[in-house]
Amino acid sequence: MRFALRALRLFVAIFKMSGRVQLPTLPLLLAFGAALFAFVGCHTVPVNPPAPPLPVVVPATPLPPGPPPAVTYPVMLGIDVLEANGFRDIAGKRIGLLTHPAGVNRRGESTVDVLFRAPNVKLVALFAPEHGLRGDIKAGENFGDSTDPRTHLPVYSLYGVNRRPTKAQLKGIDALVIDLQDIGVRSYTFNVVMHYAMEACFENNVEVVVLDRPNPLGGLKVDGPLLDPELKSGVGAFLVPYVHGLTMGELAYLAATEPGVLNLPAAVRAKGRLTIVPMRGWHRAMRWPETGLAFTPTSPLVTSYEAVIGYAMVGLGCEFSGFTHGIGTSYPFRGVSFKGVTAEKLQHDLTALQLPGLSYRVIALPEPAGPPKTGVYVDVTDWSAWRPTELSFELMRLACRYNPPNPFAKLNATDARSFNIHVGSTAWWNALKRDGAKVKLESFLADWRRQDAAYQARTKKYWLYQ
């Protein structure tokens, strides 16, 4: 038995070392494992095995103490690995490309340009997610199809009339390449559009090729409520915690492998073709600054790594609460303010919460006319102690003190729906709407931490990086 397990792990490692992970490889792995178990003696497996035990809840793996590990060689993104391998995974194929401005190689060149000039590759169509192919469209704003002025290729909008590629758009395409930079947060719509695109491609016999990229928050932080199944939407397609701890490639691997993630019949999902081109040089403890890569804005307000941290930390807390993020037009998602509450008062109240890993400072920015803009900037002082979403839920509770009796109880059905599909927990909504400032947040946080630990233990089988 021990020999079989070791051999199976070796077989998986060989696939990962080859520079790509290709599905369907799972049936091959299962067949190989079955043969090994038969070799060592299948009589050890009971005919009617007992029900599996409940999952063991383990704490999230902490970051190592001290400074982050040094980068001893450049991190190669999926697009870099694809290019270094001579584009072998898409050679001779007619390609569609789903990407955005942050879809660049380590030299900062657009994946559009890299694939357009690639030898023995025919790039025939482009697909654009929220914010558009060039990132110049506001959040939540729908847009139509167009023609790319640089390549003269059609650009199909996946944030307009259609949220997924249509059969007509995929006609004549052998493989859809997906190169999207996520920020490690469930409600960021780039992982959602990948989910939808995978469904469309699997239904239409089009291969999916995911060029993997770093999770800017690293691969060890997991935090916040898991998405309730009934709240799946365009800002939440995966039933994962708000901070999910996976790369785009790992999310795609999970979607193609685990039943029920994609909204497809099992037979269709089983026939789906997924190739993941993993990174080289990235590991789970590595946050964006340790990659050595320049940060390309992923959306109009997420223009820096600092904003990525802030999005995870205060994004939910600024949903219909009365809190706003930013100080004037500066420090999006890192500065917070509340109308009628001074920055000094807010700093005092936030400090009194004694949240681990955080500190707060008042910032005043001069205005051309009138008084300066003031707000509180949130600093992460201890990464290991920091729990990304905790501040957002404290902001919700604090909003009920600042705007009594309860601003959330006043929301209409549309706004309440928007709040819930972002946060992801109907139980939290019911308690917050009922109890306001007296809501028992601590019990929710404890439950979510237990659920997140179990989730992380369960999804380790989809990790492509250690």
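Tutor: Phe444 counts as buried because its relative accessibility is 15%, where buried means under 20% relative accessible area with a 1.4 Å probe and protein chains only. Trp448, at 5% relative accessibility, likewise counts as buried. The model is predicted, so local features need pLDDT of at least 70 and side-chain atom pairs count only at pLDDT 80 or more, while totals for chains, interfaces and linings use all residues. Residues are numbered from 1 along each chain as its sequence is written, and side-chain values use heavy atoms, with hydrogens and water left out.

A search of the whole structure finds 19 aromatic pairs; rings of Phe, Tyr and Trp (its six-membered ring) pair if their centres lie within 6.5 Å, and planes under 30 degrees apart count as stacked, over 60 as edge-to-face and the rest as tilted. One of these pairs joins Trp428 and Phe444: the ring centres are 5.2 Å apart and the planes stand at 85°, so the pair is edge-to-face. Because Trp428 belongs to helix 14 (residues 426–435) and Phe444 to helix 15 (residues 441–459), this pair ties together parts that are 16 residues apart in sequence; helices are DSSP runs of H or I, at least four residues, numbered from the N terminus. Both Trp428 and Phe444 are buried.

Phe444 also pairs with Trp448: their ring centres lie 5.7 Å apart with planes at 50°, so this pair is tilted. Phe444 and Trp448 are both in helix 15, 4 residues apart, which is about one turn of the helix.

Key
Helices (H or I, at least four residues) and strands (E, at least two) are DSSP runs, numbered from the N terminus. Buried means under 20% relative accessible area, exposed over 50%, partly exposed in between (1.4 Å probe, protein chains only).
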